[in-house]
Structure formats: C-alpha cells, structure tokens
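Visitor: Can you walk me through this one? I have the sequence and the structure up.

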Amino acid sequence: MSLMLAAASAAQGFDVEAATRAYLDTLQGAARAKSDAYFEGGYWLPLWGALVGIISYWIMLRFRWSAKWSGWADRVTKRKWLQPMLYALPFTLIGALLTLPWSLYTDYFREHQYGMSNQNLAEWFKEFGIMLGVGIVTTAIFLAIIYAVIRKSPKRWWLWGTVATAVLSAIMILVAPVFIEPLLNKYTPMQAGPVRDEILRIAHEQKIPTNDVYVVDASKQTKRISANVAGIGPTIRIALNDNLLNRSNLAGIKAVMGHEMGHYKLHHIQKLLAYLTILSLIGFLITYWVVPKLLARHGEQWGVREVSDPGSAPVFMIVLAILGVPGGILFNSVIRHHESEADAFGLEAAREPDGFAMTAMQLSEYRKIEPAAWEELLFYDHPSGRTRVHMAMEWKAKHLDELPPEQRKIMVMTPEMKAN
Ligand SMILES: [Zn+2]
C-alpha cells in the first residue's frame, strides 16, 4: 500500500508538459530561427531536385545525346547485354555534370550557409568523384539487368524488373557498409573503456551478438551526430560517429545507441526493403504503361524508338523523378514510424530519458523543433524534437522510481553534465 502511494505521488509530482517545455525553451531566438529556416527550406528541395533531374534528362533526349551514346555502345560491341553497361558511362557522367550546380548548392553551399558542414570545396569534390565512380558501376550493373529483362520479357518486364530491383537493393544494403562507406570514412575499433562497456552491456542485454564497436570519423564532413547497427550474422557491428562521442555525454550516447539497436532488433532495414519493393513495383507498372506512349509520340525526335534501347533510360528517369515526389512524402511517413518505434525501444533499452531528450535537442539544431501537425506528417522523416522530448518525458514519468534520485525531477540535461 505505502509503496503504491509513493509511486503515485512520484508520478503526480512529475509534470510531463512542464518537463517537455523546459527542454524546448532552451532553443530560442536566432538559433531556433536558423534551425526552422534550414529545415523549412528543405521542404522544397525534393521538388526542385526532381525538376533539375527532369530538365537534365530532357536535355539528353532533346539534343539526342542519349541516342548518340546508345549508338556508340552499339558500334563498340554487338553483345546486347554489354551495351547498357557502356551506355551507363556517359549517361551517369554527363548526368552528374548537368546536375552539379544543384548538388553543389544542396550538399555544399547550403550546408555551409547553416554551419552544418566541416568540409572544404576540395574535400567535397574528392567525395563527389568517389561517389560518381560508385554511381557509374552501380548504374552499369542496374541498366544491364533491367534492359536484359526488357529484351527477354517484353510483356512482363515490370514484374522481373521489380524482382531485380529488390535483389539489387538488398545486395546494396548489405554491401554498402562494408565496401562503400569505408571509401569515404574511416572505421576505427573503439577504445576500451566505460563508454564501450556500456554500449556492449546494452547490446548484450538486447541479445545483439557482437563485440565489435567502431568509431566513424564523420566530423570530417559534418557536425551531425549519428550511429548505426548493421550487418548480419558474423558481420554484425555497432558504429557511432565521432560527433556523438565528442558532443555528448554517456547518457546521450546510451540513448542514441539504444535507438539504433531498436532499428536493428525491429528489422527496420528488412521492412524498408519490402516497402521499397512495393514502391518499385508501382514505379515499374507506371513506366511500363507510360514510357512506350512517350516514345511513340516523341521517339522520332529523340532518336529513341524502342523501350529496349538503352537510350530510353532518360525517359524512365523522367517518369520516376515525377513519381518520386509523392513517393518521397509517403516514404517519409514510413520512416518516421520506424524512427518512433526505435525511439520507444531505445528508451526502454538505455533507460536514459534525459539523455534522449538532450539528444533530441541537439538534433533540433537542423530540424524544426515545433512544427505544425501537417508539417510533421508531410515533411518529417524523423519525429520532431518536441515529439521526441515529450515521449522521453512520458517515459520518465512512468519510470520515475527506477531513476537515480537526483534525476527524479524536472531538469534539462546538457552534454557538459557528467551523467551516471
Ligand atoms: Zn533512427
């Protein structure tokens, strides 16, 4: 009886709304205006990005560049399967050059304008070059498979194309952390010590069978904090970036790692792959229907008449770019739902509500902290800072008695605080 009373009074003594407000109010004035402006500007980027893409692909068709590249591939080799691979070279290269001003603006100048980037222009171009190389190889493989499918199955390529896309996406997800990400960043085994011990303790408690913790030197690109748990079977590994390590305290690190373990344990990558497959099925069905119509009407002018001609790639890309805008909005909600699930999982796993709220505040440096409901619904791929702090404080109110006595009150944790 007395125990129950104590629990009730503790819960009553903790005002979730006031505790949430205490955190949110620490982001004020110019800093809040800057984060709002950065994020609101981002609402339009997918739309303008799609437009930039569409114009580039249209240029390739209108000036018959695409037809010329396809003709060149046809002269170089008579092997049909090799032609789309050759075509991929100028297609990817020129495509990247046409959209270079846009990439520079979104990835470099805009990031600097808001103080999010740690890169100089030379470093940015070096990474642009590396990713262009990766892009050429992956586009070559992808186009070779898709056009083979179109040639072999003129009536069912939308189906086999979807199957191929699903398989290739799965391979990419598996391969990227091992072969692609190390091209840009260095992964170093984390130093032994209390932070590593705590991360592994939580991981083992959640039955994640690994002892590998890596630190990624993300600070060479960005100020953002981030982490992930990736791999399957023997390749499972935990990684956190140096920004998280340097800008947070133990409570914050535990909160973030609990969240990342949530993604892993809740199979979000696999679910994402399933959603992607559904979206690509829709994409293939629509292109199957629309691309031949576009070629029938404009093919003469573009010098591309057959869907099976690799020169039709820009036509596909235009249709997919248009579909990508509503698709992206839909996908935001899927991802935001996963993020919210990982948040709930992370609070249970790490048991650091104030560490989690502190991290939500740090992430609000570039994510509008208190959006309208419709903004969060349409444009957020993660819950807003307010949603996350509120969730953390609700968890705290429910588990007040389990927390260290000095934390059983409304407080605002900052990274400088030595927590736990
Ligand atoms: Zn997440």
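Guide: Here is a quick tour, from the overall layout to single residues.

Guide: This is a predicted model, where local features need pLDDT of at least 70, side-chain atom pairs count only at pLDDT 80 or more, and totals for chains, interfaces and linings use all residues. Residues are numbered from 1 along each chain as its sequence is written, and side-chain values use heavy atoms, with hydrogens and water left out.

Visitor: How many helices and strands does the chain have?
Guide: The chain has 16 helices and four strands. These are DSSP runs, numbered from the N terminus: helices (H or I) of at least four residues, strands (E) of at least two.

Visitor: And what does the C-alpha trace span?
Guide: About 85 × 45 × 45 Å along the principal axes. Of the 420 residues, 47% are buried. Buried means under 20% relative accessible area, exposed means over 50%, and partly exposed is in between (1.4 Å probe, protein chains only).

Visitor: Which domains is the chain divided into?
Guide: Domain 1 covers 11-189 + 261-407, and domain 2 covers 194-260. The bounds come from an automatic or database domain assignment. Their centres, taken over C-alpha atoms, are 22 Å apart. Each side of the contact has a count: 40 residues from domain 1 and 40 residues from domain 2. Contact here is heavy atoms within 4.5 Å.

Visitor: What area do domain 1 and domain 2 bury between them?
Guide: About 3400 Å², with 52% of it on carbon and sulfur atoms. That is the accessible area (1.4 Å probe) the two parts lose on being put together, summed over both. In domain 1, Asn-118, Met-261 and Tyr-264 lose the most area to domain 2, together 24% of what that side buries.

Visitor: How many salt bridges are there between domain 1 and domain 2?
Guide: Three. The rule is a side-chain nitrogen of Lys or Arg within 4 Å of a carboxyl oxygen of Asp or Glu. The whole structure has 19 salt bridges.

Visitor: How far apart are N and O in the salt bridge of Arg-224 and Glu-111?
Guide: The closest N and O atoms are 2.8 Å apart. Arg-224 sits in the loop between strand E2 (213-216) and strand E3 (227-230), and Glu-111 in helix H6 (residues 100-113), so the pair ties together parts 113 residues apart in sequence.

Visitor: Is Glu-111 buried or exposed?
Guide: Glu-111 is buried, at 10% relative accessibility. Arg-224 is partly exposed, at 21%.

Visitor: What does Arg-201 pair with?
Guide: Arg-201 forms a salt bridge with Glu-205, with the closest N and O atoms 2.9 Å apart. The two are four residues apart in helix H9 (residues 194-205), so about one helical turn separates them. Lys-254 and Glu-352 also form a salt bridge, at 3.0 Å from N to O. Another one joins Glu-348 and Arg-351, at 3.5 Å. Salt bridges with shared partners link Glu-198, Arg-201, Glu-205, Lys-254 and Glu-352 into one network.

Visitor: New topic. Where does Gly-385 lie?
Guide: Gly-385 is in helix H16 (residues 385-398). Gly-385 is buried, at 3% relative accessibility. Beyond residues up to four places away in sequence, Gly-385 touches Leu-24, Ala-360, Ser-364 and Ile-369.

Visitor: And which residues is Arg-32 in contact with?
Guide: Leaving aside neighbours within four places in sequence, Arg-32 contacts Leu-24, Leu-27, Ile-369 and Glu-370. Arg-32 lies in helix H3 (residues 29-62). Arg-32 is buried, with a relative accessible area of 17%.
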